[in-house]
Structures are given as structure tokens and as C-alpha cells.
Amino acid sequence: MKVTLKIKKVDCANCAAKIEDKIKKISGLNDVNYNFMSENLTFHCDKEILEAVYPQIEEIVHLIEPDAQIERHDHH
């Protein structure tokens with residue numbers, strides 16, 4: 001399934017690239033892309049692992065960008 005998250009308040013493209021690189025390392029995620037301009041993080045994963053990966057994504061984002069806000073927009 002395709003998942004889109006809105007990640008707001010990322011200060012620079014360099015931080016966005018760091019976030020994308022670290023999220024790409026999460027097991028089970030494919031086609032990870034974070035667009036700094038649109039603030040959209042998109043990826044594909046199996047529905048069964050979705051709830052398990054959200055906390056990992058949040059941890060990565062907040063380590064790099066503590067003030068970032070993440071909004072979920074699940075595709076079913």
C-alpha cells in the first residue's frame with residue numbers, strides 16, 4: 001500500500017535528505033521519497049507493518065528536526 005505523511009517544519013533541504021536517507025533504512029519500506037517543497041513523505045509497505053513503522057519514522061524525524069510535525073494520511 002502507498003502511504004503519505006505530511007512532515008512540516010523541516011528547516012532545510014539537507015535535513016530533509018537526512019530524514020529520507022534514514023527512513024529508507026527501515027525494513028519493509030519501499031520507494032521512500034521525501035519532497036522538501038511539498039512536505040510529503042511517501043513510501044510503500046505492507047499494511048501489516050504500518051503501525052510498527054510509524055514510531056520509527058517519528059523517532060527519526062524528531063532526532064533530526066525536533067520541531068517537525070507529522071500528519072498521517074493513510075491510503076487504504
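## A tour of the predicted chain

The accessible surface of the chain comes to about 4,600 Å², by the Shrake-Rupley method with a 1.4 Å probe, where for residues only the protein chains shown count as cover. Carbon and sulfur atoms account for 47% of that surface. This is a predicted model, in which local features need pLDDT of at least 70 and side-chain atom pairs count only at pLDDT 80 or more, while totals for chains, interfaces and linings use all residues. Residues are numbered from 1 along each chain as its sequence is written, and side-chain values use heavy atoms, with hydrogens and water left out.

**Whole chain.** Start with a cartoon view. There are 2 helices and 4 strands, taken as DSSP runs numbered from the N terminus (helices H or I, at least four residues; strands E, at least two). Followed along the sequence, their order is β-α-β-β-α-β. Switch to the C-alpha trace: along its principal axes it spans about 30 × 20 × 20 Å. The radius of gyration is 11 Å, which agrees with the value near 11 Å for a compact globule of 76 residues; the radius is taken over C-alpha atoms, and the globule rule is 2.2 Å times the number of residues to the power 0.38.

Colour by accessibility next. Of the 76 residues, 36% count as buried; buried means under 20% relative accessible area, exposed over 50%, and partly exposed in between (1.4 Å probe, protein chains only). Among contacts (heavy atoms within 4.5 Å) between residues at least 6 apart in sequence, 66% join residues at least 24 apart.

Select Ile-57, in helix H2. Its relative accessibility is 0%, so Ile-57 counts as buried. Show what surrounds this residue: leaving aside neighbours within four places in sequence, Ile-57 is in contact with Leu-5, Ile-23, Ile-26, Leu-29, Leu-41 and Phe-43. To check one of these pairs, draw a distance between the C-alpha atoms of Ile-57 and Ile-23; they are separated by 6.4 Å and lie 34 residues apart along the chain.

**Charged side chains.** Now display the Lys, Arg, Asp and Glu side chains. The chain has 10 positive and 14 negative ones, and the centres of the two sets lie 3 Å apart. Lys and Arg count as positive and Asp and Glu as negative, with His and the chain ends not counted; each charge is placed at NZ of Lys, CZ of Arg, CG of Asp or CD of Glu. The whole structure holds 3 salt bridges, each a side-chain nitrogen of Lys or Arg within 4 Å of a carboxyl oxygen of Asp or Glu.

- **Lys-8 and Glu-71.** The closest N and O atoms of this salt bridge are 3.1 Å apart. Lys-8 lies in strand S1 (residues 2–8) and Glu-71 in strand S4 (residues 69–74), so the pair ties together parts that are 63 residues apart in sequence. Lys-8 is partly exposed at 28% relative accessibility, and Glu-71 is partly exposed at 30%.
- **Glu-20 and Lys-24.** Here the closest N and O atoms are 3.2 Å apart. Both residues belong to helix H1 (residues 13–24), where being 4 residues apart separates them by about one helical turn. Glu-20 is buried at 15% relative accessibility, whereas Lys-24 is partly exposed at 42%.
- **Arg-72 and Glu-51.** This salt bridge has an N to O distance of 2.8 Å. The pair links distant parts of the chain, with Arg-72 in strand S4 and Glu-51 in helix H2 (residues 50–64), 21 residues apart. Arg-72 is partly exposed at 39%, and Glu-51 is exposed at 52%.
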